[in-house]
Structure formats: structure tokens, C-alpha cells
Amino acid sequence: MKFHVFHFLPYADIDLKFREKGQKTLWMFHKHRFDPETCADFYDTYLDELSYADELGYDGVCVNEHHQTPHSLMPAPNVLAGALSQRIKRGRISILGRALPLVPNPLSIAEEWAMLDNLTRGRLNVGMVRGIGIEYHSSNVNPVESNRRFYEAHDLIKLSWTEDDMISFQGKYYECRHFSLFPRPYQDPHPPIWIPSGGNPQMIEWAAHPDRRYTYLQFFNSPYQQIKANLLAYKKAAREVHGYEAQPEQLGWAVPTFVARTDKEAIDLARPHLETLFNDFMAMTPELLFPPGYVPAEAMVQIMKPRPGAGRRTIESIMELGMVHIGSPETVRRQARMARDEIGLGHLLPMMHFGMMPTDMTRENLRLYADEVMAPLREEAALDVVPA
Amino acid sequence: MALKFEDKFAFGDMGFSYARKGKGSPLLILHGAGGPDMWAGEFERLSEHFDVILPNHPGFDGSRCPDWLEAVEDLAYLYLVALSAWGLRDVRVVGHSLGGWIAGEMAIRSPQIFHRLVLVAPGGIRGTDGFAGNNFVWSKEETAEQLFQSDDLRQMFLAANSDEAHALTLHRSRETTARLVWSPRWIGPALNKWVRRIDTPTLFIWGKQDGLFPVAFGREFSSLLPDSELIELDDCGHVPHLERPGEYRAAIDEFLEVSS
């Protein structure tokens, strides 16, 4: 199993009383303070944390894309990956992902990724996503076209990477008549493609296709049983639809992770930051999260059904659903083994900073996990104690 | 009385269902993104004086938005084809909101076939001052407040479509609306460029508190047409025929030359 540190790079100085000021969410409608010195410091701090992860021997570091929110200071993840390319000297850099349908011409993404692949001498993984619903409000791209634009943008990027002559492409949304990619990707034929997705069956079957075999990534905001079901659905699609056995490296999970000496200490320390992540940073209205056409109308009927108010989520309720890896080294090793053995997971993406966690705490988390979780699990794999 | 859309018009793989009732001069009602049901009363009332045709726009009728329907002008062309196929001329049109936009797109293409246009808070116009309301981020409660002034109508709006079948129609309608109006938002480029082709006598009816299309849009739209009048209604949101039915009916009956 590979270990990639995932980081949202939040602007971790939010006003937690935003609701009292009549705001429902920190996405888009924020009128919160922004201090450029603080922001610049956060970038420095977080890049240092990711460099530290590289020194500790993690297999890689990961960034992703979100817009107009303190949840993530990465509206342009390729910019961050460029900065990381000059700091991360050993591990891989994964962009998980870039929202293809939101740009007017996906060939600009193909070009940027080719640059980054060379800058890292082939240590780049690229994630392709649709972007979340709110990003259709912010980009003004029609959400009804989201799925079709995604597949078309993918086809165009792939064509530009694999065809070394001039390409022509006439799609419904994108057209090109005079283009050949230069510089070309460092890796042959192109960087590994990852598909972070919420469990859409059509996307699973498409990603698992033998011509693609893309790494299918689950994010942290579903219960473990749902994450497991989605990843097993990928294996099933590979086996039953496409006739091959999916390998562990085709499956990944990004999970909020915190290790301390004891379970109690870990829970006590992680509590405010995890609860802030789930309740405040992630707070969203359904209209923002699900613009029309982003999911089928049938699904909208279920999503918009009135539900009893759930109230604030506690770390206990989140842990009960298996959505996080939090506890002593022994507990977290057990949680990681469970995903490895029950799912056949090949990529674990511990999210070692969340909420407004101070950097000393994040660095201790990174160190302890590397020594007490990653190292023993690597030894097990080397000794082949358990089947991968 | 519930509307029944028993008749179908087809043109290749395109088509729509419609209700038709009454005798006399033809009158086309084009409903808005909220669906045809709120026009049931006016359909009945006007059918006592006219041959009233009320299309149920594809994608708003409970079905998925068909692939061919990609822009407002697709509906405009389709309805022009239908009017022509039915041999109708001197057509009166009442178009509300999205339906008013469709009427405008029809009128810039074939102004000669229309006798009178009633545009009730129509979309499609690019205001030089201000924007259409950002309805796609409104919650249901916010939508009720933006569209209606009266508490009764707000409550009625919030209580409607509570069962699953209606909810599905609502979400499909919303999806079709987004497909047609998302970008440029609620603006018809051709309509804005060619609006002066509309020489048909036109009556605009607009609520002064319309939270979707500001009444200022109505003043601009009206000023661009050589033969038009704008009636602005007080204490009235986006749906004047429900919110100010007395004034609304008096205005359109006079304009459409309804004999009482």
C-alpha cells in the first residue's frame, strides 16, 4: 500500500460565528476577513508541512481544486503543484483533481500537466473531476452539461498526449483544428490518471475500462461502508463487465487521519478541528451543492426530501461511521489494515491537517504516522505477512 | 380545473403536447418556467372568447428535457412551425416569464403573423442597469419571497409539489430551465439584437416588486418597441395574473379586444 499525504490548505483563520451573521456557508457567500499576510503565511506553512512529509518518506503529496472558499486555498492547483515541484524531491505529486468542465479549453490543462510532468521528472499523478456543484455557480458553466463536457474534455486531453502529430477535434463543447502539444509529457504515454468520484456507476464502469484502468479515488465525506461499496463496485465492474482483476493501485481513499499516543489523546486533540471541518468548512446549502442537472432529477427528489435536523456532527458520530482514522498507532494501523484487506486498497491518502490545526500538531501527526503506522505496514507488505 | 394536454404536435423528432379550447381568433399562451398549471384559470377564461392553445413546453411536462432542446429559440422555431402548420395568422400571444421570452424570439423571426403580444414579466432582455435575480441559488423559501408579495401566494407556492411525482416534474423543469437560461443568464442574444423587428402592438405587464426580472427591464424592453405600453403593478411580484388578477384581466381584456 502507498501512502500519499493529502492537504486541503485551508485558510485556517475563519470566523466560526458566521452563522450568527446570517451566513449559511463559508462557500461563495463569505464576507469573512481576509488578511494577505496570514494567507501568505499559510502557504509557507503548508508547503513546509508537505516538504516535511516528503522527508519522512511518504510516497507522495496531494493537492486539489476548490473555488472561493477558505476551505481550500487552491482555486488553481497546478500553481501549487508548480511550487511543490521545487520542494518535493523524492515522492510523487498528485493533483486530485482538476475540474475539467470548468475551463473553456481543456488543452490548457493538458499543457500545464505536461509542464509539471517534466518539472517533476515524471513524478506527477493527475486527477480528473467534474468539480463540485457550487463550482458551476462560480464558473457559470452550465451544470446540465457537466457530465458530457467532462468526458469530452478527457478525450481531448488524452488525444493531445497520445497523438504526436497535429490533432483535430470536433466535439460538442470543444473544438481544435491546429494544435500539437509541446512540451509533451515526461511519462510514457502520460501521467497516471486518477478519478476522484462520489460513486456514480457510469463513471466507475468508464474508469475501470481496460483501455483506461484509472485509479478510482474515494474522498472522506462518506461512511466507510459506502466507500467500500463504491471501491468494490469498481472491482466488480473490472471483473464482470471488462473481464480482468483490478489491482490495488487502481483503488484509493483520502481519509482524515490523526494519531497520538492513546485513543483518548488523539480524540481530544482532533475533536475541535475535525468538527470544524465537517460542520463549518463543509457547511453548504443544497441549492449551491446541487445546481440543476448536476445529478439526475430522480436523485434530486431524494436529496431535497425534508429530513429531521441532524444538528452538529460530533467526532464520535463521525468515527462511528468509520469516516476517519483517528486513535493510537495501534488503532490507526488496524483501521488502515481493514481498508487494505477488506477492499484491496492500494493507495491510502491520509489527510493529516484539517480544520484549524496548528502546524506543530500537524507535523507531530505526520511524524508519528510515518514511524508508527506507515513503517510497520510497509514491513508487513515487504514480508508479505498478509496478502495485498 | 386541471389542464389536460391531450393533443400532440410533431415535427421530425421534435414535438410538444398542448391543450386547445374555444372558438374565434387564435390565442397562444406560453407558460413560464414554473409550468402551465398556474395558467389553468386564464386558459378557461380566455377560451370563452378565443381559440386558445396552451403548449406544455417539452422538459416542463414531466419528461426529461429532449436532446434537441438546447436553447429558447428551439421552442420559438417549433411553435412557429406549429402555427404555420395549423394555418394560423393574426395570432394573439400571452407569454409569461420564460414564455414571454419565447414569444419575443418568435416575434423577431415572424412579426407579420402576430396581432397582439402580451408579455408578462418576460425574460430574455439584457438590462443595462441591474441583473436578473440569481434564482438558482435561492432556497424554496427565498424563491417564494422573490416571486410573490402576498403571504397567501407564498404559502401556496411552498405547499405545492409536495408528492414525489410532482417533485420529479419540478426538478426536471428546473433542469430544462437551466439548460436554456444558464448562460448567458436569462438573456437572449438574438432577441436583444433584433428586438426592433417587433412592430406588433405589445402590452407589458410587470410587478414592481418582481425579484426575478426587475421592472426596470420592462421599461427598457418597452422603450425599444415602437408600439408598446407598460403597466406596472404595485404590491406585485413575478406572477401578476395570480397576484393582481383584477388589474391584470382588465388590462389584457381591453388590449386583446375581449368583448364582455
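Among contacts in chain A (heavy atoms within 4.5 Å) between residues at least 6 apart in sequence, 76% join residues at least 24 apart. The model is predicted, so to speak of local features requires pLDDT of at least 70 and side-chain atom pairs count only at pLDDT 80 or more, while totals for chains, interfaces and linings use all residues. Side-chain values use heavy atoms, with hydrogens and water left out, residues are numbered from 1 along each chain as its sequence is written, and chains are lettered from A and ligands numbered from 1 in the order in which they are written.

Chain A has 13 helices and eleven strands, where helices (H or I, at least four residues) and strands (E, at least two) are DSSP runs numbered from the N terminus. The radius of gyration of chain A is 20 Å, close to the 21 Å that the globule rule gives for 388 residues, so chain A is as compact as a globular protein of that length. Here the radius is taken over C-alpha atoms, and the globule rule is 2.2 Å times the number of residues to the power 0.38. The C-alpha trace of chain A spans about 60 × 55 × 45 Å along its principal axes.

As for charge, the mean positions of the 41 positive and 49 negative charges of chain A are 3 Å apart. Lys and Arg count as positive and Asp and Glu as negative, without His and the chain ends; each charge is placed at NZ of Lys, CZ of Arg, CG of Asp or CD of Glu.

Leu96(A) is buried, with a relative accessible area of 0%. Leaving aside neighbours within four places in sequence, the residues in contact with Leu96(A) include Phe6(A), Cys62(A), Trp194(A), Phe219(A) and Leu349(A). Ala110(A), 14 residues away in sequence, is 15 Å from Leu96(A), C-alpha to C-alpha.

The loop between strand 6 (175–179) and strand 7 (193–196) of chain A holds Pro183(A), which a cis peptide bond joins to Phe182(A), with omega about 0 degrees. Pro189(A) is also found in the loop between strand 6 and strand 7, and a cis peptide bond joins Asp188(A) and Pro189(A), with omega about 5 degrees. In chain B, Trp186(B) has a positive phi of about 60 degrees although it is not a glycine. Trp186(B) sits in the loop between helix 6 (164–181) and helix 7 (189–194) and counts as buried at 3% relative accessibility. Glu257(B), in the segment after helix 10 (245–255) of chain B, has a positive phi of about 60 degrees and counts as partly exposed at 45% relative accessibility.

Finally, the two chains meet: 24 residues of chain A are in contact with 21 residues of chain B. The area buried between chain A and chain B is about 1,800 Å², of which carbon and sulfur atoms give 56%; this is the accessible area (1.4 Å probe) that two parts lose on being put together, summed over both. In chain A, Glu287(A), Pro292(A) and Val301(A) lose the most area to chain B, together 27% of what that side buries.

Conventions
Buried means under 20% relative accessible area, exposed over 50%, partly exposed in between (1.4 Å probe, protein chains only).
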